[in-house]
Structure formats: structure tokens, C-alpha cells
Amino acid sequence: MKLLGPWPVIKRSEPGKEQAIIVSMRLSNDAFGNEAEARHLTRLEEQLEEQLKEAGSGEWDGHETGGGYHKIFLYGPCADRLADSVLPILLAYDALPGSYMVKRFGEVGAEEQYIWLGSDQRA
């Protein structure tokens with residue numbers, strides 16, 4: 001696992017602020033991927049949702065596909081707890097190079113931490 005970005009994450013959780021994990025899985029083309037990818041990503045989302053319910057760390061809020069990425073949105077009170085819950089599943093998934101996860105520590109515009117999930121570890 002490789003953390004990205006030259007900045008350290010200074011601010012962690014803000015009480016009362018919703019935090020997020022946004023997973024961006026690279027697709028095999030710059031559009032919507034293919035049917036096999038869609039099936040695998042649906043299963044991945046089911047696993048993530050099950051894990052979040054079991055851990056009580058947050059909830060799955062949907063996905064968005066296009067532009068060469070399948071983005072999965074997860075929300076909860078603590079981005080670190082969300083990440084601890086789902087990272088083992090994401091790292092076990094055979095993600096294409098260029099796939100990554102964003103931990104967002106608050107509302108849109110809050111501090112973020114990027115983690116590469118793909119096998120190439122490129123910046």
C-alpha cells in the first residue's frame with residue numbers, strides 16, 4: 001500500500017461531521033468498462049456493504065460509473081474506521097493499475113488521504 005500526496009493529514013475526525021471513503025476502480029477502457037467488470041464490481045460492493053454492516057462503521061451509499069472509473073461511495077462518522085473495515089477487501093480485489101481510495105475527513109473540501117489500490121503504484 002502506498003500513501004499519496006506530499007501533505008500529511010493533520011486533522012482527523014470532526015465530531016458531528018460525516019466522513020467518507022471514495023473508492024475509484026479503474027476500468028478496462030475510458031468509458032464504462034465491460035460486463036465482466038460490472039459483475040465483479042457489483043460483488044465487490046456487496047462485500048463492502050456486508051462488511052460495513054458487520055463492523056458498524058458506516059454505510060454504502062451507491063456508485064457512479066463513467067470516464068474509465070467505477071466510483072464507490074461509503075460514509076460514516078470516522079474515515080479511519082471506514083478504511084479499517086474495507087481496506088482488506090479492497091486490497092484483495094484484483095484492481096487495475098490507477099485504482100485508488102480517498103479517505104475524506106469531513107465535508108467536501110476537508111483534508112483527504114489517497115491510497116493506491118492498483119498493482120502499479122504509479123503517481
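Reply: The model is a predicted one, and every value below is computed from it.

Arg43 has another partner, Glu46, and that salt bridge has an N to O distance of 3.4 Å. Both Arg43 and Glu46 belong to helix 1, where they are three residues apart, about one turn of the helix. Arg43 is partly exposed, at a relative accessible area of 39%. Glu46 is likewise classed as partly exposed, at 37%, and Glu50 counts as partly exposed at 48% relative accessibility.

A separate salt bridge is formed by Lys103 and Asp80, whose closest N and O atoms are 2.8 Å apart. Lys103 is in strand 5 and Asp80 in helix 2, so this pair ties together parts that are 23 residues apart in sequence. Lys103 is buried, with a relative accessible area of 8%, whereas Asp80 is partly exposed, with 23%.

Arg104 is buried yet has no salt bridge, and the nearest side chain of opposite charge, that of Glu112, is 4.8 Å away. The cut-off for a salt bridge is 4 Å between nitrogen and carboxyl oxygen. The side chain of Arg104 does reach a backbone oxygen, that of Gly106, at 3.2 Å. Setting aside residues up to four places away in sequence, Arg104 touches Gln19, Ala20, Ile22, Tyr75, Ala79, Ala110, Glu111 and Glu112.

The aromatic side chains bring in strand 5 again. Tyr100 and Trp116 form an edge-to-face pair, with 5.6 Å centre to centre and 80° between the planes. Tyr100 lies in strand 5 (residues 100–104) and Trp116 in strand 6 (residues 112–116), so the pair ties together parts that are 16 residues apart in sequence. Tyr100 is buried, its relative accessible area being 17%, and Trp116 is buried too, at 12%. A search of the whole structure finds three aromatic pairs, and ring pairs link Tyr69, Tyr100, Tyr114 and Trp116 into a cluster.

Back at helix 2 (residues 79–92), Ser85 is one of its residues. Ser85 counts as buried, at 11% relative accessibility. Its side chain reaches the backbone oxygen of Arg81 at 3.0 Å. Apart from neighbours within four places in sequence, Ser85 is in contact with Gln51, Leu52, Ala55 and Ser57.

Helix 1, where this account began, also contains Glu49. Glu49 counts as partly exposed at 27% relative accessibility. Glu49 and Trp60 are 11 residues apart in sequence, and their C-alpha atoms are 5.4 Å apart in space. Gly56 is in the loop between helix 1 (35–55) and strand 3 (59–66). That glycine is exposed, with a relative accessible area of 51%. From the C-alpha atom of Gly56 to that of Gly76 the separation is 9.2 Å, the two residues being 20 apart along the chain.

The chain has two helices and six strands, and from the N terminus on its elements run β-β-α-β-β-α-β-β. Of its 123 residues, 41% count as buried. Among contacts between residues at least 6 apart in sequence, 64% join residues at least 24 apart.

Notes
Residues numbered from 1 in each chain as written. Predicted model: local features only at pLDDT ≥ 70, side-chain atom pairs only at ≥ 80, totals over all residues. Heavy atoms only, no water. Phe/Tyr/Trp six-rings, centres within 6.5 Å; stacked < 30°, edge-to-face > 60°. Helix = DSSP H or I, 4+ residues; strand = E, 2+ residues; numbered from the N terminus. Buried < 20%, exposed > 50% of the residue type's maximum accessible area, 1.4 Å probe, protein only. Lys, Arg positive; Asp, Glu negative; His and termini not counted. Polar contact = N/O pair within 3.5 Å; in protein donor to acceptor, adjacent residues only side chain to side chain. Contact = heavy atoms within 4.5 Å.
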